[in-house]
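Me: I have a model open here and would like to go through a few spots with you. Could you keep to what can be computed from the atoms?
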Amino acid sequence: MKSINELQDEVIEEFADFDDWMDKYQLLIDIGNEQQPLAAEYKTDENLIDGCQSRVWLHADMQDGKLIFQAESDALIVKGIVGLLMKIVSGHTPNEILDADLYFIERIGLKEHLSPTRSNGLASMVKKIRIFALAYKTKFEQEQQVH
């Protein structure tokens, strides 16, 4: 399994192939279209991310000590953005996620090319991922103390 930084570097390289932001948006849309649809039972208010202009659901499960994220959005570009996040953080331990510096957002130029509301939405997605990681880490540590 690749580290979070190796995965970020791959994403940065993938985006570096394109100079034009229309092509980068198309890449985001393609990434979004590759996402598996989120099961209906996970499209709950609890999984809905606050601060997003479009609706974004984020769900996490713990498997073998690693967090597996699933997400969906009703907006194409946002679906791509959340898809990128999933690609990078899913399959890692809560500690790896909490310790990660998600520098790819800055490096691929996403921050400057998103509207303020989309930027806030992106920040909210990252925050929600960290909240899940912290919650699972805490739960795991408590279970360890019980046993």
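Me: Is serine 90 buried or exposed?
Reply: Serine 90 is buried, with a relative accessible area of 15%, where buried means under 20% and exposed over 50%, with a 1.4 Å probe and protein chains only. This is a predicted model, in which local features need pLDDT of at least 70 and side-chain atom pairs count only at pLDDT 80 or more, while totals for chains, interfaces and linings use all residues. Residues are numbered from 1 along each chain as its sequence is written, and side-chain values use heavy atoms, with hydrogens and water left out.

Me: Where does serine 90 lie, and what does its side chain reach?
Reply: Serine 90 lies in the loop between α3 and α4 (94–99), helices here being DSSP runs of H or I with at least four residues and strands runs of E with at least two, numbered from the N terminus. Its side chain reaches the backbone nitrogen of phenylalanine 69 at 2.9 Å.

Me: Which residues is serine 90 in contact with, leaving aside neighbours within four places in sequence?
Reply: Those are Met1, Leu67, Ile68, Phe69 and Leu85, contact meaning heavy atoms within 4.5 Å.

Notes. A polar contact is a pair of N or O atoms within 3.5 Å; within protein, one must be able to donate a hydrogen and the other to accept it, and residues adjacent in sequence count only if both atoms are side-chain atoms.
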